[in-house]
Every structure is written in C-alpha cells, then in structure tokens.
Amino acid sequence: MLSLSPSPSPSPPRSPALSVESDDDHSDDEDDHLTFYVTGSSPTPIPSRSSSSSIHAHHNDESREVFFGQDLQDQQLQGEHDLSPTQGTGLSTYHSELATSPITSVFSGPSSYMRSLMSDQPPLARGGGYWRPRPASSKRSSNSSFNPSVNKDAIHEPLSPTHMSPAQLYTTASGQLFHAGKICIVIAGLPARGKTHLAVSLTRYLRWLGVKTHAFHLGDYRRQFIPPNMEVPDDYFMIDASASTVMLRQRVMAACKVDLYRFFDSENGQVAVYDAVNPTAAGRRVLVKELNQHGIQVLFIESICDRPEIIEANVRSVKISSPDYAGWNENEAVEDYLTRISLKVPLYESMDMHEHEFSYIKLYNAGERILLNNTRVGYLPNRIVFYLMNLHIKKGSVYFARAGRSTERRPKYKSDPHLNEEGTTYSKVLADTLIEYRKKEHEARIGDGELEPNAEPRELIVWTSTRRRTIETASEFEKRGVRCRQRPQLSQMHPGLTDGLGTEEIERLYPDEVAEHVKDPYRHRFPRAESYHDLAVRMEPVILEMERISSDILIIAHVSVLRVLYGYLMACLPFEIPALEFERNEIVEIIPSAYNNQVKRIVLPGIPPNSSVIM
Amino acid sequence: MGGYSFHADNLQICVVMVGLPARGKSLIAQKIVRYLKWLSVNAKCFNVGNYRRIETAHPTADFFDVTNSEGERLRRVAAEAAIADMLRWFDEEQGTVGILDATNTTRARRTWVEGICRQHDIETLFVESWCDDEDLIMQNIIDVKTTSPDYVGQDPEQSALDFRNRIRNYEKVYETIDDNDLTYVKLVNVGSQVIINRIQSYLESRIVYYLMNLHIKPRCIWLSRHGESQFNVEGKIGGDANLSPRGREYARQLPQLTRQSVGDRPLTVWTSTLKRTQQTAKYLPYRQLTWKALDELDAGQCDGLTYEEIEMKYPEDFHARDENKYEYRYPGGESYRDVVTRLEPIIMELERQENIMIVTHQAVLRCIYAYFMNVPQDRSPWMEVPLHTLIKLEPKAYGTEVTRIKADIPAVSTYREKGSSSLKK
C-alpha cells in the first residue's frame, strides 16, 4: 500500500528567475487580480508543441474573427488509426520476436513523442513563448488575446515527468495516484468503432483527474514508418500479407511498445492507453502476459458496434479524410474502407467468458450499453465507467463568454454586485450576436449539404453560476426563449483575504504569498482563498454533464471558471491555465472532434476588448 | 435563489428494483433515496411489501406460490396501490426520483410498470440485483430478513427456512432483464459483473455511479470536530485560527481516544485545509489526506464576527438565516446547500472506502452526519455537535449505528439555538 502525502502538494518551484510584473492599471482587469504574470523560461522540460502551425491565423486584428487553432498535421492524423497490423497471428509472432531482438534496433526514427522528449533546444512553452508581462498597451488593443499556442488541443502532447494535473487530488510518494499499480488500458475493437475517440477522451479525462496518462495510437506509428508520400504496401491490411509486410508491421508495433515502456519506466507514467485493434483472444492473452511481466496491470475496453449506420458515420467523419483517400470520390472511399474493414470481421474475436479472469469493460454502440467484468469497486474502472456513461461522440459546441461589467469598479466577491449599464448593453449584444451567428452557421450547414434543408437547429442552453452578474448577463437569453440554468459549481474562484485588493496591495500585504504564487500559480492559495486546482476539483460534475449534453452550451462565468473549463477541453497544462485570457469582446467556441478539439472566436461588435462600450 | 439541481427541467425517473428476495434490493433502494434526498433531489421509496402487508400481515411461503391465484391477485393489488401512490406523489409533490421496491421478476410485470410510467412521461431505470452465490444469499436472509415485519415474533430458524422456500417460488418464474430497449443496470453477485444499458440522463448516470461505489464490507467512519480554537473561545465564527490550549490538549489525547475505538483496524484520516483541523490531527499515527471540500462553511461578510455582532450589523440577515438556515447563503458566502454540493465527492469516496476518520468543522460535520443518519434539511443545520467528542458511525443494513465518545476536556459551547444570538452554556 502506498503512503499518501497530504494534498495537494505543490509541484516543485519552477524557476528562481520568475518575477512578478506589477500591473499599474487595474481598471481593465478588475476581477482578475489573482493572476500574476511571470517572465523567464521554464526550468522544467516542458516539451514544445509541434511547430507546424500552417493554418494558425495570426494575431492581427483582421484575422481574429475566425480563428482555427487546429494543426494541419493533426488533421492528417485523423486517418485510419484502426487499420493496424495486429491481425491474425501476427501479434503472437511479434511477441516472440520482441523477446529476443534488441528493441531499439527496430526503432528506425524518433516518433513525434520521442522527438518532443529529446529536444536539445531549451524547451519552450507551446507556441514558442513563455508567459510575459502584459504590456500596458495590450489592454487597449486586441493583441492581448490568448497565447496562440494554447489554441491547440494538447491532448496528444507528452507530459513532463513531474507533471501535476488540473484536478489532481493528492500525490503519493511515487508520484502516482490511488494505488500502487501501473495500468495499461488496452482498447480493442474493429476499425471505425470509435476507438481513437475513446482513447483520446479517456486520456483527457484521466489527465484532468491527475492520472499521468498518455495514449499510444498504433496508427500514428504506421504513418511514421510509411510517410504520406510513400505507398502503403498493398497487402498491409491483409490477413495473408507477404513476409516483408509482416516484418514492417512488426517494426511498427515494436516502435510503439518502445515508447509505451519508456513512458512507464522513465517518465513516471501511470496509465497508458494502447489504441489498436487487438482482435484475437490469443493475442490479448499474450499482451496481458507481457505487460504483467513488466509489472503493468491491464484493463481492456472493447468497443463493439453492430449498427451499420454508426460505423458508416464514423467512416465518413473520420476515416476518409485520411491522406490515403486524397482525391477519391467520397462514396467510393467509404465503400473501399468498409470493404477493408469487412476483411477483418471474420477474424475478430469479441471478449467473452473465456477471458472472464481479465478486467474488462465492453462498450456497445458508442456507450448505449456498458458491461463491466471483474472490476469491483476499483477507483479507476468506476471513474472510467461513470465517464463513459456520459461520453458521447459530442457534436454540440461549447461557447464561453464572460459576465458583463458590474456596478463596482473592482467588484468584491463578497458584495456580489449587479450589472451596470455597460454590462446590460453587453448582455444584449452577446445574446444577439450568438443567436445570429448560430442561425448563420445552421444555414451554412444546410448550404453545404451537411444538413437536410428542413433540419432543426441544435438546441442552445445557457449555464451560469449563482452570482448575480452571470445570471443577469444570461437574462437576455432567457427573454429570447433560451433555457438558462444556474449552477453553484460555476461560481468564481474564491479570493479569500485578497478580496477587493489590487495587485499592488496584494504585493504589499502578502509578499511571501505572492512569491509562492509565482512559483505555482495553479496550486497556490492566497490566505483563505481557492486555488485553480480547488476550482477544477469542484467543477468535475459540470464537466461530466458538459460531455453528456448533445445540445450546444453557452457558459457565462467568471474568467477563472472559463480558464479551468477551457483547460479541460483543450488539455492545457496547469501552469498555462491561470494565464489564459478571455477578452470581453468575444465568445470563444470549442468545436469538438474525435482526434482533437478546435477553437473559434466570435467577435462581439461594438464591444472593445477590455474597456468601455462605444455604441 | 439558485436551487441546486442535477436534473433537467421536469425530468422524472422511476427506479424499478428487480431481483429475487434477499438480494439486497431494499438496502439499495434506501441508499439511493438517502443519497438523492441529501442532494435535494426529491426522492421517495414505495415498497410493495408494505402495501401487501396491510392485507396479509404474516404470509407463509404458499402465499408466494405462483399457482396460488389468490396470492397472485393480492400481490398485484399491492403493486397497483404502490404505483398509484407513486404517481400521485410525482404529480402532487413534484417528485423527481420514485423508487418502486418490489421483486418485479417477470418480463410481463416490468412491461406493465414501464408502460404506466411512459404514459405519465416518467423515465424508467431498472436496477437488478442478481446473485447466485448461496452463501451471500443465506447471509442476507439471516442478517436482514428474519427481522422483517413478516416474521415478527416467530422462530428465527423456522423463519429463515420459510424464507428460503418463498424464494424458490419466485425462482420458478424469474426472468432476468435482457430487453435491450430498457434503461437498466444489472449488478451480478454484488458487482463482480455490472451491465449498464441505455443511460438517458446525467442523473441516471449519477445513480449508477453511486451504486457501483457501494460495497458491503463491514466498516466504520469516525467524525470529529477540530479541537477548541482561539475563535471558539472568543465566540467568533469562521476564520483560520489556531487551537486554544484546551484544543491542543484534545489533539494530544485524540490518538489514544481513537485507538480505543478503532483498535488495529487500518485507518485513513481526512482533514480540511484549515489550521485547526490539521493541528487537531497532527498526532494521529495514520496516513492523512487534506481536502479543500472539508473546509468550514464560508460565512462571507460575517466571517470573523460573533453572533452578537452579526445580529447588530446585519439584523435582517440574522433573522433570514433563522427562518431557513439550510438555504440561507451568507452575503458573499455559502449556504448549507452549497456545502452539501461541494461535499458530494467526499460522500462518494466515503462509500467506496473502508475505515475513515474525518476531522472537520461544525457545519461540514452536520452535513456528513445528516447523510449517514438521514436527518432532514430543516433539522440538520440545527444539530448539536459538541467539541472534543469523537463520533463513530457504523453503517448497517437498515440504518447507521452511532456511538459518541467524549474526551474529558472542557470546551466552550458553539451551539446557538434558533432565535438567539448567544451561545448555549
């Protein structure tokens, strides 16, 4: 049994070079005085995100209206992760070879995972910069939006060995949570059963909970061995492949395993999600044996689907966008892919009583039915199932907007003020803009043929906290017939004794606390205040409900709450979350997708980013 | 005031228990009701057996024989009466989750119940407890059933035998749930396998998650307030004060007091982030966890004041709080309802864990105690929980047993009666 240390133990100080930038003018950031901006580079090796930013619009005023944070490379990665080489008897052959051959020799080139860990450059935060003090002028211009790097869903980025997660409840001596074990979640299922979506979503949720998790998609490794400009051997996905193709498949798998074991052995990883087809009972048994020999426990999650319409929708939305099908007619591509899958169907063996001693979760038709076997009252399996019950292949967007300005220049937490005139104007512009935007988007979808001409628009619901400013901001939606719900979990971060104080006063009154805060702005609590971490823990029910709801959700809340929710959806690292910025003149939209989520911004006309309304 | 709700507007759910007798159905039903009511979800259990007993107080096994048509008729009448009452409750009292506690072991019976609910726009969630482990079944019969009202005043051994025969009659017609259009959760042999089908709402997922975290291993929970603090001595509320000398004495005696009650059972101690609970727990030789969620109710603008000062400065607030202490939210602070919301993960984790000791604060302790002891919301904020007292809770099948162990260290009273601003002597 592990000994658990009191929680939450702050992560080690990041740098002696960090300094607080005091902020002269608070009027624009009146309710955000707990954010101190730090300079200097990160001393912990934070792997840089992929530098490919080909479709990142830049931060000039013209291009900010529609802002996609998605990376081209990732779009390509949405290809067929599923058509992995683990078919037939390949798996067991592979394992016997693995035992005798030096693993590293089959590793022909560094994976993106490895590259990011091996980087010899001084590590930078995403997007190539670390937190900088905000120039005073930035508040007047719209250049002060997000650090561009956090516009990218980081769910595929590796974690540093000392990583602490947004909602991590406590740490243990070994740096792992809840129980002594290392766990490999092995995904099983035929292609186009939503395995990758499952692997990515679980990784997001488990990282959030504080379990150090990384997903290893076998399909990504195949693409490294066979780059887009090279032909995949014709028989790569065939059962009776040629000897050279079988060898290629085994090299792909070995490379994936190298990274997987490195994650456990050298990077303090706790849960690896191994995303591959894993089609045979014999192969799975060999895999369990091998992982157990490494001291790793196995939890299987099998995705089963017997509804052709779900499979076809999956193929259409994810698979045929793969480079393999560039230039194909859509219907022919779907047909071809379905034929390729059908070759595997007769070989595939579902998990049943012959594997009853294993811990497994079977997921039927994207969560319609869930079966748990041999997982009794385990924290992790229970958490996963709770999550899976609410997980859908989410279609609805999540919009984030700030509450309007209030009657107090620097609103005190304890006074819970009402909206002022400017705030009321804001709430009207917000409602009008979003409703109009959604109408146009819906029409565009019909225009593109994505929706039937008579399709109903997706429903919108609004969540607020129980604080007056958020409720009053939402009232304009209520007047327009949109359902609004108050949720106490969405209340802003409690400022404790710093309530109503400006940055300078805080620095003067609590110099030691400020020094601590700069070291760990995510976990540090000012006296009697909440930390971002506390906020993340209390918002977990909201996050699960957000995953379940199929309609679009607008969340109107304090910036501290928006930061944490955005951090979940975009897999931000804890040190990034406190520095996220949300302008007052825009709605941030998160568009969900299987491999990674995307960000878009909607500008509110007539509302300057951070000052008075010009109407 | 923003009420706390899990559920979308107008959602009503009927949880239909399914399973042979002695499968722990009533226990599960009661726990669901307690959990939901504690979270302010309007929930109520309708036990068909209680309706049947009105007509047939002490039936023999023959009554339950499927070939006994009179018995069959009476049981159907009882089920109809229970459902009629439940529908009335959904309608007149805006119920959210009604629990129909009966065997419901045939497909025909379940179709009938589901049909009635559908007519009334009520979602059904079937909860089946399936068990073929004879040892578990007999243990449940001996623990619970022979003390059932059906067997009052009868010989326990005879009762157990009769009960086993009653179950045989049900077994003849038992059909497990396999209709995949229904929303259901099936718990096989106390959770060694679980099947979850077509969960329709977040509230249903919450109920299922709760059921998955329940276990039947014997265990205890110990609760203690922090030792007397400097603020307690001065009659102030909230704050983050140090312990008083007498409070420190309680901290020193707590390990011995704990050991007398806990023995050598393994134990984990949970504290809040405030100094007074950590100082209280600091000599306890067990592993410790700190939870922000265990911090005291936030009194907002009234933090650090005495009750007299609050009455003087905020007379209206003071009386509003007495009117409805559960819902009253301190200006810029929290209500009891808010505290319950943030304690929910604590309760979930407590259900999953075994022996736990919690060192926390008056309001938080009242909320946790209210969960285990089923104390209604109009009473829970007024419960007297003295300082320097260790409370032992032992959850049993039909309720929780409480033992209070007083340390022999005097402390001020922090109990304020309704309508008064002075603390009880």
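Two strands pair if DSSP finds at least two bridges between them. Strands (E, at least two residues) and helices (H or I, at least four) are DSSP runs, numbered from the N terminus. The model is predicted, so local features need pLDDT of at least 70 and side-chain atom pairs pLDDT 80 or more, while totals for chains, interfaces and linings use all residues. Residues are numbered from 1 along each chain as its sequence is written, chains are lettered from A in the order in which they are written, and side-chain values use heavy atoms, without hydrogens and water.

**A sheet in chain B**

In chain B, six strands form an open sheet with mixed pairing, in the order 9-8-10-7-11-12. Strand 9 (287-290) and strand 12 (399-406) of chain B are the edges; each has a single partner strand, so one side of each lacks a neighbour in the sheet. On average, neighbouring strands are turned by 20° against each other, direction ignored. Axes here are lines fitted to C-alpha atoms, for helices over the stretch in contact; angles run from 0 to 180 degrees between N-to-C directions.

Helix 13 (residues 336-352) of chain B lies across strand 7 (221-225), strand 8 and strand 10 of chain B. This helix runs at about 175° to strand 8 of chain B.

**Strand pairings**

Strands of a sheet pair through backbone hydrogen bonds, either parallel or antiparallel. Two pairings are listed here, one of them across the chains.

| Strands | Sense | Bridges | A bridge pair |
|---|---|---|---|
| Strand 8 (268-271) and strand 10 (356-360), chain B | parallel | four bridges | B:Thr268 and B:Ile356 |
| Strand 8 of chain A and strand 6 (193-197) of chain B | antiparallel | five bridges | A:Arg369 and B:Asn197 |

**The interface of chain A and chain B**

Contact (heavy atoms within 4.5 Å) takes in 47 residues from chain A and 53 residues from chain B. The two chains bury about 4200 Å² between them, 52% of it on carbon and sulfur atoms. Buried area is the accessible area (1.4 Å probe) lost on putting two parts together, summed over both. A:Arg369, A:Lys414 and A:Arg528 supply 15% of the area that chain A buries against chain B, more than any other three residues.

Which side chains meet in a salt bridge? They are those of B:Arg198 and A:Glu368, at 3.5 Å, N to O. The rule (a side-chain nitrogen of Lys or Arg within 4 Å of a carboxyl oxygen of Asp or Glu) finds one salt bridge across this interface.

Helix 10 (379-390) of chain A is among the elements that supply at least two residues of the side touching chain B. Helix 10 of chain A gives the largest share, seven residues.
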